[in-house]
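I opened a new notebook page for this protein. I wanted the overall build first, then a few single spots.

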Amino acid sequence: MGYDFKNIEKKWQAHWAKNQTYKAENNSEKPKYYVLDMFPYPSGAGLHVGHPLGYIASDIYSRYKRHKGFNVLHPQGYDSFGLPAEQYAIQTGQHPAKTTQENINRYRQQLDQMGFSFDWSREVRTSEPNFYKWTQWIFLLLFDHYYCNTADQAKPIAQLIERFEQEGNQSVRAVCSTATPEFTAEEWKSFSSEKQQEILLHYRMAYLSETEVNWCADLGTVLANDEIINGVSERGGFPVTKKKMKQWSMRIGAYAERLLQGLDQIDWSESLKEIQRNWIGKSIGAKVFFQIEGHPKKIEVFTTRPDTIFGVTFMTLAPELDLVQEITPPANQEAVQAYIEETQKRTQRERMADVKNPTGVFTGAYALHPFTQERIPIWIGDYVLADYGTGAVMAVPCGDQRDYDFAKHFDLPIKNIFKNVSIEKEAFTDKGTAVIDHSDFLSGLPYKEAMKKVIDALEKQGCGEGTINYRLRDAIFSRQRYWGEPIPVYYKNKLPQPLALKHLPLNLPEVEKYLPTPEGAPPLGYAKNWAWDTQNEQVVDNSRIDHQTVFPLELNTMPGWAGSSWYFYRYMDAQNTEAFVGKSAVDYWQEVDLYLGGSEHATGHLLYSRFWQKFLYDLGLLPVEEYAKKLINQGMILGTSAFIYRKPGTQTYVSKDQVTDVSLWEPIRVDVNLVNSADELDVAAVRKWQPQFENANFEQTKGVFKVGREVEKMSKSKYNVVNPDEICEQYGADTLRMYEMFLGPIEQAKPWNTAGISGVHNFLKKYWRLFYNEEEWVVNNQEPSKQELKILHETIKKITQDIENFSFNTCVSALMICVNELTSLKTHSTSILSPLTLLLSPFAPHLASEIWSALGNESTLDYVDFPIANEAYLVEDTKTYPVSFNGKMRFTLELSLTLDNAAIQQAVLEDSRTAEYLEGKTPKKWIIVPNKIINIVI
């Protein structure tokens, strides 16, 4: 009977589905363990072999934990809102919901065939109204709260209104917009309702404001910073420009310090923590206010080096600041406006990266030094960004290299304020050894003393204060697209009014087109029924909008990160219609014990979700402040791309062995599925693959056309994708699972090589032959030998330790070594092979389940206790001695370690091989080194 993996895998997948084998209970006497994968976006391409890597690792650990007696929650769902489905809808007119459902069906089929132990009864989809109802509800909670700095937590906006009524806002310590006006209690009461609502938007955690955003015209939407790579959109690689728009934002910055401190409480990789620390960007320094000559406004600057304030020789503002237009005199307007327009054509990344070519324009305005009242020229330069700090820099060229380069380029003064330091060639930036000079009351002071003294002086003079600044900016929440969660607000007098929980979900309406309207409104502008009737509390036809009782609804939708910021709690209680998660469920599961996903989400999902977690914790809705105890970032499985080489300007392609200098040829990618394991291209197949190759000239070498190879990210666009369906069809899911783990440590990137998979498949066949010899079942009830027990228990110990350390590649190696050794010993004892099957089950669950059943077990193995290593079998009680005659080793002999020298001599003499080498002689001398050697001198 051969290893029929196809029928075995179909059998057990059907069994698990029918019996809901992996359904978790919300109340159990067992200890709980929650294992979670970052849920996938269901793309049309389906899964390639790189996608399941994290799922396989989490599944191994989930199965292991069940064997160890835990109640394991291991759910799966879909992050089903997203741009790709909308882009496809724009191209084809097909509704994104239809495309998404088709893609989900494809994903589910692929996931099921790989034997994952997901609890599908808890499946969630972010695009389903019964899910996004609660995403909308969380948005309304954010809208209804502000951040109290005194309590260091979110508080209801109603409490803030009470304080305004009693004492105004002058003594209120709360996170708010920089343009928030001051007012007394009497003034607050005198404000109109609309004015009060406008002021409250300066405080709300979710707020509407005029904001400079990253606009991608090709996608027709705003993008967050983490959705932009190298100045272009992550999705599609389209140009991104800056644009001012009225947008919803989230005050994630209010939680900056808590987000930093929380990193010390969670078991995440240090590299990922450092990415988040850098993104949050905490800086300790001072605010300094510079009066503008002849102008009522001041320029606010944040600097980490206020001790260098006497070295300021000019100021630089971000060109996009509104203040620039206000302070620029008529004579300078034309040059300033031209520079602003030129800057808008460059991305932030380009502006920050171009350090060698300083650009800027003098505004014609001057600021006044807060201590000396010297006139300081105000410039604009694109190396200053409006959304970092205050968008203004007090330029100290002697102490900052970019300021130094700018000053040199425009021939601006450079004042040296450092003692015994030359700045002839570059700025001096070592604050550790700096001693301030030529700086009035700071002269002669080292860095730390100068910092304290200057901050005291700024505060005393009322022109600055010590402060902490964070690079983290409030998160843009609006998206100008269709396929996302509707934002549950309507507009009365152009001010947002929230819907109530009882009105949720606000369902996504049907639209004729998925592009922006001719007027530039988002796609929801095409919706015919998209108005809110406040009397009947329902969505009605737009024609009924009268701005008295019927009002327009919000046209923007939520970003892709909204649903993913809380989905892990919905899995705990997926069918609850009364709450986003029930109290008993969340009290039981608490948080995710093990989370697996890519590190590319470090500054997106993994930061936004921590923000929402802390907010909901502040409201008493969640029991813990961090949602994921441990996070593992799995590495990528890389593809091995195939290249053919074209002679420039022709349709002639040559075999790789004819290419001596690659730079002289144009490398063209071809589908790796058209190349065999010897790197030989199927030329006939490539001609049919794409029209450009149909009539091309392929210069072969001895009838063979070789391709070039390069390891890079596995991607459909690189034609290097390997389909897991084909691997499962040819080798089986258990082979795929074990091979992906065998490739290397889970956290590291590793290249895929289909040729190597046969070794793992042969291992599983060898394991099968421990039980079957052709058609015959060969397992017996013989007592195992000491050696067999030692091999088994060494393997149990090794695999237990390595699974706990998430070292799955070494587990596979240990299983291979064990099976090889047991095969050599011709082991067929059930007392050895039963525990071995349990060791294999997390890695190859189909095969292990089949063998477990064949061993006569009535129940499936999924919840059977994992084997425990018995140390008694690991103790060495024998030694294999090399036996030598006159110094030449002739044979080995296994002897008990308890034997004394006399007993060892007796045992050697009784061995038949000894007489052969003694040749009838009597030993002259015995040299016995216990536990090492035996040498007989004759």
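This is a predicted model: local features need pLDDT of at least 70, side-chain atom pairs count only at pLDDT 80 or more; totals for chains, interfaces and linings use all residues.

**Entry 1: Thr-126**

I looked up Thr-126 with that cut-off in hand. Its relative accessibility is 1%, so Thr-126 counts as buried. I found Thr-126 in the loop between helix H4 (96–113) and helix H5 (129–143). What does Thr-126 touch, leaving out residues up to four places away in sequence? I listed Phe-39, Tyr-78, Asp-79, Ser-80, Phe-81, Phe-131, Tyr-132, Glu-485 and Gly-563. I also checked Gly-77, which is 49 residues from Thr-126 along the chain. Their C-alpha atoms are separated by 8.5 Å.

**Entry 2: the whole protein**

I counted 29 helices and 36 strands. The C-alpha atoms fill a box of roughly 120 × 80 × 70 Å along the principal axes. Of the 938 residues, 53% are buried. I then took contacts between residues at least 6 apart in sequence, and 70% of these join residues at least 24 apart. The protein exposes about 42000 Å², and carbon and sulfur atoms supply 48% of that area. For charges, I noted 99 positive and 119 negative. The mean positions of the two sets are 3 Å apart.

**Entry 3: helix H27**

Next I turned to helix H27, residues 845–854. Why is H27 largely enclosed by the rest of the structure? I found 8 of its 10 residues buried, so the rest of the structure largely encloses this helix. The buried ones are Pro-845, His-846, Leu-847, Ala-848, Ser-849, Glu-850, Ile-851 and Trp-852.

**Entry 4: backbone exceptions**

I kept one rule in mind here: most residues other than glycine have a negative phi, and most peptide bonds are trans. I then looked for departures. Lys-494 has a positive phi near 65°. I placed Lys-494 in the loop between strand S18 (489–492) and S19. Is Lys-494 buried or exposed? Its relative accessibility is 75%, so Lys-494 counts as exposed.

His-547 also has a positive phi, near 60°. I found His-547 in the loop between strand S21 (538–540) and strand S22 (550–552). His-547 has a relative accessible area of 48%, so I logged it as partly exposed.

For the peptide bonds, I noted a cis bond joining Leu-504 and Pro-505, with omega about 0°. Pro-505 lies in the loop between strand S19 (495–498) and strand S20 (531–533).

**Entry 5: aromatic rings**

Last, I went through the rings. I recorded 71 aromatic pairs in the structure. Which residues do ring pairs link into a cluster? I wrote down Tyr-3, Phe-5, Tyr-767, Trp-768, Phe-771, Tyr-772 and Trp-777. I also looked for charges over ring faces. Arg-63 lies over the face of Trp-16, 4.9 Å from the ring centre. Lys-195 lies over the face of Phe-191, at 5.8 Å from the ring centre.

Terms used. Residues are numbered from 1 along each chain as its sequence is written. Side-chain values use heavy atoms; hydrogens and water are left out. Rings of Phe, Tyr and Trp (its six-membered ring) pair if their centres lie within 6.5 Å; planes under 30 degrees apart count as stacked, over 60 as edge-to-face and the rest as tilted. A charge sits over a ring if NZ of Lys or CZ of Arg is within 6 Å of the ring centre and within 35 degrees of the ring normal. Helices (H or I, at least four residues) and strands (E, at least two) are DSSP runs, numbered from the N terminus. Buried means under 20% relative accessible area, exposed over 50%, partly exposed in between (1.4 Å probe, protein chains only). Contact means heavy atoms within 4.5 Å. Accessible areas come from the Shrake-Rupley method with a 1.4 Å probe; for residues, only the protein chains shown count as cover. Lys and Arg count as positive and Asp and Glu as negative; His and the chain ends are not counted. The place of a charge is taken as NZ of Lys, CZ of Arg, CG of Asp or CD of Glu.
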